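Please keep the model open while you read.

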Amino acid sequence: MAVYTKINPGELQVFLSQYQLGEVLEVTEIPEGVENSNYRLHTEQGRFILTIFERRVARNDLPFFLSLMGFLSAEGICCPVPILSNDGQALGQLCGKPAAVLSYLPGTSVVQPSLKHCSAVGSLLANVHNAGISFPGRRSNSLSLKDWPILLKQIGPDGDLVSPGIGADLQNEIQYLGRNWPGSLPQGVIHGDLFPDNVLFFNGAISGVIDFYFSCQDFFAYDLSVCINAWAFDDNQALDRRRCESLIDGYCNKRLLTQKEYELLPILCRGSALRFLLTRLYDHINVPAEMIGVTKDPLEYYRKLHFHRHVTDVADYGYCYKNE
């Protein structure tokens, strides 16, 4: 949720004239994140989020994302829903870019997740997976195994300026994952980016899950591995086994992992660590001049990747599989 596109009052007024939101009382930038431009919007009709889609988000994918949020909300998942314009459209255009107004959700994200937070997020992720089974939309993962060599090529030799030798190391990693990546696992709609800053808590409970702009069809257990990397490591990028166990246990309370899914968690965690390492490395090297905000540390995920490389037993994640 970064800010790349600055809007002026005139542009905003023209855009919002397409909605029944009343007069604008306040609009403020949301500088966190790295993908899209986001604003908090307060009008006579309440509070909303205004998103201008940038960078990796392909316009053709936007109907999938917006429809998915509406579908999941109707299924009981506490996620934003698009506000329709006067002509019934969820997607408009602002400053020459696609834009949408979304419902506002209360709450704040957590910086230091507790075991209770991790358990709740695991259950939330499983609920998203279960609810999305009947969603009719389809979108392939645009940042999956087949795309990682392209990203690494785009990074090029500049990656070695961040960490000497990282280019060759990641090339070997991609080849290893290509030889060992699972061919078949339970799959469906995944969130794909369920980091702490994409989950809101209010009065100790989850009040919202946001940022569905990497959602797609992929392995459910891969989505769980994204959460393990995002929620179960401490500030020194050491795995907190109790957090990891709470996360997996919370997930299995709503959707039990198959034995194969559980056994393949180490390779999936390596893959998701590599995916975020590559995108962070690319963003670190290619910072847009107009960006308001900061890029995230790519080496955080390099250290996590090193951890997963040395896992010899899935029980290292602190959870013993039970096929109940």
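The points below cover the salt bridges, then the cysteines.

1. **Ground rules.** This is a predicted model; local features need pLDDT of at least 70, side-chain atom pairs count only at pLDDT 80 or more, and totals for chains, interfaces and linings use all residues. Residues are numbered from 1 along each chain as its sequence is written, and side-chain values use heavy atoms, with hydrogens and water left out.

2. **The count.** Side chains of opposite charge can pair when their charged atoms come close. A salt bridge here is a side-chain nitrogen of Lys or Arg within 4 Å of a carboxyl oxygen of Asp or Glu. The whole structure has 13 of these salt bridges.

3. **Aspartate 61 and arginine 139.** These two form a salt bridge, with the closest N and O atoms 3.1 Å apart. Aspartate 61 sits in the loop between β3 (46–52) and α2 (62–74), and arginine 139 in the loop between α3 (115–131) and α4 (148–155). The pair links distant parts of the chain, 78 residues apart. Helices (H or I, at least four residues) and strands (E, at least two) are DSSP runs, numbered from the N terminus. Buried means under 20% relative accessible area, exposed over 50%, and partly exposed in between (1.4 Å probe, protein chains only).

4. **Arginine 309 and aspartate 169.** Their side chains meet in a salt bridge of 3.1 Å, N to O. Arginine 309 is in helix α11 (residues 298–309), aspartate 169 in helix α6 (residues 166–180), and 140 residues separate them. Asp169, Glu173, Arg270 and Arg309 are linked in a network of salt bridges.

5. **Lysine 296 and aspartate 197.** This salt bridge spans 3.0 Å, N to O. Lysine 296 lies in the loop between α10 (265–285) and α11, and aspartate 197 in the loop between β6 (187–190) and β7 (199–202), so the pair ties together parts 99 residues apart in sequence. Lysine 296 is partly exposed at 30%, and aspartate 197 is partly exposed at 27%.

6. **Cysteines.** How many disulfides does the structure hold? It holds zero; a disulfide is a pair of cysteine sulfur atoms within 2.5 Å. For cysteine 79, the nearest cysteine sulfur is that of cysteine 78, 7.5 Å away. Cysteine 79 is buried, at 4%. Cysteine 244 is buried, at 0%.
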